[in-house]
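Please consult the sequence and the 3D structure shown here while reading.

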Amino acid sequence: HEDLSGNMFQNSDDCNSNGLDDDGNGFVDDCHGIDKVNDDSDPMDDNDHGTHVAGTIGAVGNNSVGVVGVNWTVRLMACKFLDAGGSGSTADAISCLEYVKLMKDRDVNIVATNNSWSGDSFSQPLFDAVEAHLQRGILFIVAAGNGGIDGVGDNNDGTGFDQQVYPCEFYLPNVICVAATTRTDALSSFSNFGRRTVHLGAPGSQILSTT
């Protein structure tokens with residue numbers, strides 16, 4: 001995307017498409033990240049959600065093109081574990097977090113991950129993966145989730161089936177759980193909330209971005 005390409009992370013040793021693991025990290029040609037859906041190193045977005053969120057985070061600024069991100073000069077590393085329909089496995093989510101941890105340990109300056117996804121069951125391995133990021137100083141930014149079958153936001157502080165939202169509810173100091181807000185800074189009607197579990201809100205309704 002012309003408003004994202006300039007801010008994409010590049011693992012320069014593996015940006016040559018030669019079919020080899022040039023940097024010895026266990027992944028072949030992982031120039032911009034990896035794709036756990038197809039088990040390759042081409043995390044091209046075929047759902048649009050990742051592209052939209054990436055633009056909000058880091059679309060290039062001051063270039064007379066499209067929109068601007070919150071950070072005009074950030075580097076965006078992609079790790080795809082959701083398919084074209086928006087579905088994926090916890091195991092693949094953990095694999096993405098393991099990849100981020102690996103690259104952080106290889107001195108890539110990773111300060112935060114964006115996790116605009118959620119599920120309704122607790123996973124100890126996923127918790128452990130997020131905690132491993134804590135030990136490396138990586139923030140874990142996660143969605144509060146959208147409402148249940150009625151489309152209306154739920155209180156994540158509750159205990160009902162519709163009110164268990166993970167990994168938002170992981171009680172770890174690097175987790176920042178984010179609700180969706182409207183263009184007037186009100187809570188979006190579909191967004192979950194919670195005085196104890198949800199930390200802040202950010203624009204999530206009628207947002208123009210890179211799709």
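## Helices and selected residues

Helix 1 (residues 49-58) has T51, V53, A54, G55 and G58 as its buried residues, where buried means under 20% relative accessible area, exposed over 50% and partly exposed in between (1.4 Å probe, protein chains only). Helices (H or I, at least four residues) and strands (E, at least two) are DSSP runs, numbered from the N terminus. The model is predicted: local features need pLDDT of at least 70 and side-chain atom pairs pLDDT 80 or more, whereas totals for chains, interfaces and linings use all residues. Residues are numbered from 1 along each chain as its sequence is written, and side-chain values use heavy atoms, with hydrogens and water left out.

The cover over the buried residues of helix 1 includes strand 3 (112-115). Also in helix 1 lies H52, which counts as partly exposed at 23% relative accessibility. H52 and S209 are 157 residues apart along the chain, yet 5.4 Å separates their C-alpha atoms. Apart from neighbours within four places in sequence, H52 is in contact (heavy atoms within 4.5 Å) with I207, S209, T210 and T211.

K80 belongs to strand 2 (residues 78-80). The residue is buried, with a relative accessible area of 10%. Its side chain forms a polar contact of 3.2 Å with the side chain of D46. A polar contact is a pair of N or O atoms within 3.5 Å; within protein, one must be able to donate a hydrogen and the other to accept it, and residues adjacent in sequence count only if both atoms are side-chain atoms. Residues up to four places away in sequence aside, K80 touches, among others, I34, P43, M44, D46 and C96.

The two residues are set side by side below.

| Residue | Element | Relative accessible area |
|---|---|---|
| H52 | helix 1 | 23% |
| K80 | strand 2 | 10% |

Helix 2 (residues 90-105) and helix 3 (residues 124-134) pack at about 15 degrees, their axes 10 Å apart. Helix 2 is therefore roughly parallel to helix 3, a term for angles under 35 degrees. On the helix 2 side the contact includes I94, L97 and K101, and on the helix 3 side L126, A129 and H133. The residues of this contact divide into 8 nonpolar, 2 polar and 2 charged; Ala, Val, Leu, Ile, Met, Phe, Trp, Tyr, Cys and Pro count as nonpolar, Asp, Glu, Lys and Arg as charged, and the others, Gly among them, as polar.

At the start of helix 3, a side-chain oxygen of S123 comes to within 3.1 Å of the backbone nitrogen of L126.

Methods. Axes fitted to C-alpha atoms, helices over the stretch in contact; angles between N-to-C directions. Parallel < 35°, antiparallel > 145°, perpendicular 65-115°, else oblique.
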